[in-house]
Amino acid sequence: MVCNIPYGGVGARTVDNFGSSGGASCSTKHVVLKSIFESMGLPVKSYMGKCTLDSTGLIEWTGEPAIDYHNYLKVCLNGKWQIVDATFGINEGGAGFSNNLDWSGQGDCQILFPTMNEIEVNDIFLAKQKAIGDLAPHEKLLREQYFQQLSLFISSSVAA
């Protein structure tokens, strides 16, 4: 359910905005999903990892790699902590992006923006805001340009 919320709203990291913006980024989707898991009584932890945004191979990206911080969860199912990444769903899958729609709850999901490290975070929104705030100005600009291209690619692919 959460992964099929269209990807978008990058930079609008609040649950209040996600319904009105027509989409949600990894951070917002995982805050929502964490709340669902917790309401089911499942132990869940939030994670963030630094990633390079040139790995999709689908969008036309000629600049130097952009840096971002990707969010995902780990949920304890049957006594085992498993990675859950609900970033992309059916819309993005139709545009050629990997997704975890076939995840059965057995084993880890694929992390959809592969990370170079992982850190457990208490507050996804606060951790993401701080990490992005620490980027150099040119890195922030590259990140913004990347997500503009990604949004255009996904919307044009879904409309086609």
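1. Salt bridges. In this predicted model, the count of salt bridges comes to three. The pairs are D68 with R143, E118 with K74, and D134 with K130.

2. D68 and R143. The side chains of these two residues form a salt bridge with an N to O distance of 2.5 Å. D68 belongs to strand β2, residues 66-77, and R143 to helix α5, residues 137-159, so this pair ties together parts that are 75 residues apart in sequence. Both D68 and R143 are buried. The pairing therefore links a strand and a helix through two residues that are each classed as buried.

3. E118 and K74. A salt bridge joins the side chains of E118 and K74, at 2.8 Å from N to O. K74 is in strand β2, whereas E118 sits in the loop between α3 (90-94) and β4 (119-121); the pair therefore ties together parts that are 44 residues apart in sequence.

4. D134 and K130. The side chains of D134 and K130 meet in a salt bridge of 2.9 Å, N to O. D134 counts as exposed at 56% relative accessibility, and K130 is likewise exposed, with a relative accessible area of 55%. Each value meets the criterion for an exposed residue, which is over 50%.

5. S27 and S25. What joins the side chains of S27 and S25? The link is a polar contact of 3.2 Å. S27 is located in helix α2, which spans residues 26-39. The relative accessible area of S27 is 0%, and the residue is accordingly buried.

6. Backbone at N78. N78 is not a glycine, yet its phi is positive, at about 55°. In general, most residues other than glycine have a negative phi. The residue lies in the loop between β2 and β3, the latter strand covering 80-84. Is N78 buried or exposed? With a relative accessibility of 78%, N78 counts as exposed. A reader inspecting the backbone will thus find this positive phi in a loop, at a residue classed as exposed.

Methods: Residues are numbered from 1 along each chain as its sequence is written. This is a predicted model: local features need pLDDT of at least 70, side-chain atom pairs count only at pLDDT 80 or more; totals for chains, interfaces and linings use all residues. Side-chain values use heavy atoms; hydrogens and water are left out. A salt bridge is a side-chain nitrogen of Lys or Arg within 4 Å of a carboxyl oxygen of Asp or Glu. Helices (H or I, at least four residues) and strands (E, at least two) are DSSP runs, numbered from the N terminus. Buried means under 20% relative accessible area, exposed over 50%, partly exposed in between (1.4 Å probe, protein chains only). A polar contact is a pair of N or O atoms within 3.5 Å; within protein, one must be able to donate a hydrogen and the other to accept it, and residues adjacent in sequence count only if both atoms are side-chain atoms.
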